[in-house]
Structures are given as structure tokens and as C-alpha cells.
Amino acid sequence: MAASIYKRNLSTFRQNDFTHCIIGAGVIGLSIARQLSKSHPNTSTLLLERHTAVGTETSSRNSEVIHNGAYYPAGSLKTNLCIKGRHMLYEYCQKHYVPYKKTGFLLPPPPLPPSPTDPRAEFNMYVIIGKWIVAQTPEQLAMLEGVYKHGRAHGIPLNWLSSKETVAREPNVRALAGALESPETGIIDSHALMQSLLGEFVELGGDVSLGTRVTSEEVEVTADVVVNAAGLEAVGIGNMLLPKERHRKAYYCRGTYYVPLSRPPLVGTLIYPAPIPGFGGLGTHLTMDMGGNFRFGPDVEWVDDPSDVTATEAGMAEAKVAIETYLPGIGELRPDYAGIRPKLKPQHEGGVAKVDFWIKEEDGHKGFVNLLGVESPGLTSSLAIAEYVDGILYK
């Protein structure tokens with residue numbers, strides 16, 4: 001089914017099919033649909049997704065890390081929504097039994113579900129794993145100083161570790177100049193999160209249309225409010241509704257993740273390299289899934305085709321060199337999976353820490369909210385982004 005969405009003026013909302021139409025059922029679209037349905041119970045919300053399942057693109061092809069917010073510019077949406085979203089996400093996971101592990105602190109477990117045989121009871125455990133941003137040179141340590149100052153200015157807990165302290169705690173990790181520890185970083189099962197959001201949205205009376213592509217051909221559905229949360233397709237959909245002089249160009253960055261072929265050195269901490277100014281990501285880092293399995297990535301490859309998520313060996317040799325700077329003896333790797341990050345600037349023009357989210361009600365188009373360039377920390381920020389969009393529409 002192809003569907004075209006045209007927003008009529010809010011003053012004529014009773015003539016439209018739905019109060020809200022959300023385009024895109026990734027973690028951002030799901031969060032917004034849930035938020036609007038929950039906050040405005042006497043409204044109707046339609047959620048459109050071009051694929052036959054929710055969250056099959058960027059939302060499920062990432063590191064599944066809950067970020068602390070220390071990387072991004074002061075006063076930016078990335079910083080503010082990441083910090084707020086982190087707190088909201090941990091609270092949501094506790095309440096809805098979404099599997100996660102919060103690093104740095106051992107939390108008391110939430111109450112068990114009513115039935116002792118409920119399989120969610122297995123999620124009632126938490127471990128301390130921590131996240132370090134490691135420095136190998138004085139120059140990298142100076143770079144971490146900027147992250148530390150920015151983080152502390154925004155109330156983000158960060159701790160310095162000397163090289164001796166890192167050896168004592170993680171003897172297999174190399175941090176020759178020291179490390180910056182982030183006790184607020186966590187990992188999450190993003191698939192379980194999205195299924196929880198979807199279930200809650202449907203229970204609230206929301207409508208979901210899967211396998212539905214938005215085109216500019218004809219009007220089949222009308223809504224008072226249109227929220228473009230289409231991720232990789234968001235720029236193209238926004239261009240359908242905006243005049244030509246306001247059209248944008250989309251850029252894409254593919255990141256491949258790698259897994260070790262043999263048993264890796266014992267490490268119980270997420271490890272990130274020092275950030276590189278202007279880089280398209282946060283570096284090829286070590287993270288883990290909920291089962292404790294290692295994965296390294298993502299690397300950075302600028303591409304023209306956002307549909308190609310083939311995980312290849314093209315960048316594996318370079319990734320291994322980067323990994324061995326902080327984890328020597330990792331052994332051989334193989335490609336595991338890849339994801340695409342939506343970018344608003346081309347290569348060498350900003351980087352992840354310089355380009356902010358675009359989340360605005362477009363001028364001259366009342367009721368049309370455009371969300372563009374929502375890459376990392378989009379997963380962490382998802383619930384806060386939903387609340388922010390709600391505030392734009394119902395200010």
C-alpha cells in the first residue's frame with residue numbers, strides 16, 4: 001500500500017482522518033506515537049512504517065549504548081535531550097522490564113513481575129561493567145579534558161583514572177595516558193525497547209500501518225499533525241512538503257561492527273577511544289550485548305546508498321589496528337552487521353559532535369514537525385525527543 005500524507009490546517013482538524021500521523025516506526029517514531037497518544041487521550045494517532053516490521057533500520061543496527069551526553073556541543077539538542085533521555089530511559093526500562101545494564105553502579109533490582117514464572121524475571125539482575133574513554137598520548141588526554149569539562153558543566157558524572165588504575169582494574173586494556181570513566185553509561189536491548197513502545201502505543205488505541213510508503217502522488221490519508229520521523233528517508237519526505245528552495249540533501253555513513261573469531265581477552269568494561277575532531281562517529285569501540293558478547297564498531301564509511309547494510313571486510317584491517325591500540329591481542333575478526341547513520345553534513349564538515357539534530361515545526365507549515373539527522377545519541381534521547389515534539393505541537 002502506498003500512502004500520501006497531506007496536512008490540513010489545524011482549524012479544520014475535525015475533517016481529517018487522524019489527529020496525528022507519525023511517519024517512521026523506528027525508536028523515535030514509536031516514542032513520539034506513544035507520547036502523543038498517552039498525553040492526549042482524546043486524539044487519534046496513525047503510525048506509518050515502510051517496512052513490514054518496526055525498527056529495522058538505524059534503530060536496530062547500532063551499538064545499543066545508553067550515552068551520558070558528554071560528547072556534544074553545549075546548549076545543543078543532542079546534549080540536552082541525551083541527558084534528559086538517559087534518565088527517562090533508565091526509568092522506563094525499570095518500569096517496563098526492558099533488559100538493560102547500567103554501568104558503574106550496582107542498582108537494587110526492581111520488583112519482580114506478579115507471576116514468579118514470568119520470563120521477565122530473568123532481567124531482574126544488574127552488573128557493574130562501566131565505560132572508559134581511553135587515551136594513549138598526552139594529546140588524547142588533552143582531548144578528554146574537554147569532554148570532562150563539558151560533562152561536568154552539565155552535571156554528568158565523570159571520573160579520571162590514571163594508567164596505573166586502569167591496569168589494576170582492567171589489565172588487558174591499554175590506556176597509556178589514562179582514561180575517563182563514565183558511570184552513567186549503559187547498554188540496552190533496543191529490540192525489546194521498541195516492542196515495548198509498540199505494545200504500549202497499540203494498547204492506547206494507536207493505529208499502525210506497516211509496509212506503507214509515503215509518496216507525493218495522491219492524498220489517501222489526512223491528519224491535523226504530521227511528524228516526519230522517517231530516519232534515513234526523512235530528508236526526502238521533508239522535501240515533498242517543503243518548497244524547492246528549502247530542500248535539503250541527505251548524506252549517509254555506514255558503520256560495520258566486527259566480532260572476534262576466538263575468545264577475546266577478558267574485559268568487563270565498555271572501551272571507547274579518544275574522540276577525533278570532525279569524525280563521523282565516536283570511534284571503533286568495544287561494547288557488549290546483553291549476553292556479554294563482544295562487538296567492535298562502528299567504523300566509518302561514507303556511502304550514497306542508504307539501503308546497503310552489507311557487512312563486509314573492507315574496513316576490517318583498519319578497524320583491527322584501531323582496536324589493538326586499546327585491546328592488544330584481540331586476534332582475528334569477522335564482520336557481524338552494519339548500520340547506516342543519517343547525516344546533515346557531508347564528510348569533513350562537522351562530525352558527530354558538531355552537527356545538531358534538526359527538530360522543528362517548519363516555518364509556514366503549522367503542524368508539520370521535521371526530525372532530520374537523528375543519529376547518535378538518538379536511541380538514548382528517544383523518550384526526551386518525544387516529549388520535546390509534544391511540546392512543540394501543544395505549546
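## A guided tour from Leu204 to the cores

Begin by selecting Leu204, which lies in the loop between helix 5 and strand 11; helices (H or I, at least four residues) and strands (E, at least two) are DSSP runs, numbered from the N terminus. The model is predicted, so that local features need pLDDT of at least 70 and side-chain atom pairs count only at pLDDT 80 or more, while totals for chains, interfaces and linings use all residues. Residues are numbered from 1 along each chain as its sequence is written, and side-chain values use heavy atoms, with hydrogens and water left out.

Leu204 counts as partly exposed because its relative accessibility is 39%, where buried means under 20% relative accessible area, exposed over 50% and partly exposed in between (1.4 Å probe, protein chains only). Leaving aside neighbours within four places in sequence, Leu204 is in contact (heavy atoms within 4.5 Å) with Arg34, Ser37 and Lys38.

Ser209 counts as buried because its relative accessibility is 17%, and its side chain makes a polar contact with the side chain of Thr212 at 2.4 Å. A polar contact is a pair of N or O atoms within 3.5 Å; within protein, one must be able to donate a hydrogen and the other to accept it, and residues adjacent in sequence count only if both atoms are side-chain atoms.

Now colour the largest nonpolar core, which has 41 residues and in which Ile32, Ile359 and Leu371 have the most contacts. Helix 1 (27-39), helix 2 (77-96), helix 5 (190-203), strand 13 (221-228), strand 21 (368-372) and helix 8 (378-393) each supply at least two residues of this core, and the largest share, eight residues, comes from helix 8. A nonpolar core is a set of buried Ala, Val, Leu, Ile, Met, Phe, Trp, Tyr and Cys residues joined through side-chain atoms within 4.5 Å. Centre the view on Ile359, which, not counting residues up to four places away in sequence, touches Leu77, Leu81, Val369, Asn370, Leu371, Ile385, Tyr388, Val389 and Ile392. A second, separate core of 37 residues includes Val134, Val147, Ile271 and Leu327.

For the backbone, select Ser376 and Pro377, which are joined by a cis peptide bond with omega about 10°; Pro377 lies in the loop between strand 21 and helix 8. Another cis peptide bond runs from Gly297 to Pro298, with omega near -5°, and Pro298 lies in the loop between strand 17 (294-297) and strand 18 (301-303).

Two residues other than glycine with positive phi can then be visited. Tyr97, with phi near 60°, lies in the loop between helix 2 and strand 6 (100-102) and is buried, with a relative accessible area of 17%. His348, with phi of about 75°, lies in the loop between strand 19 and strand 20 (358-361) and is exposed, with a relative accessible area of 70%.

Finally, zoom out to the whole protein chain, which has eight helices and 21 strands and in which 53% of the 395 residues count as buried.
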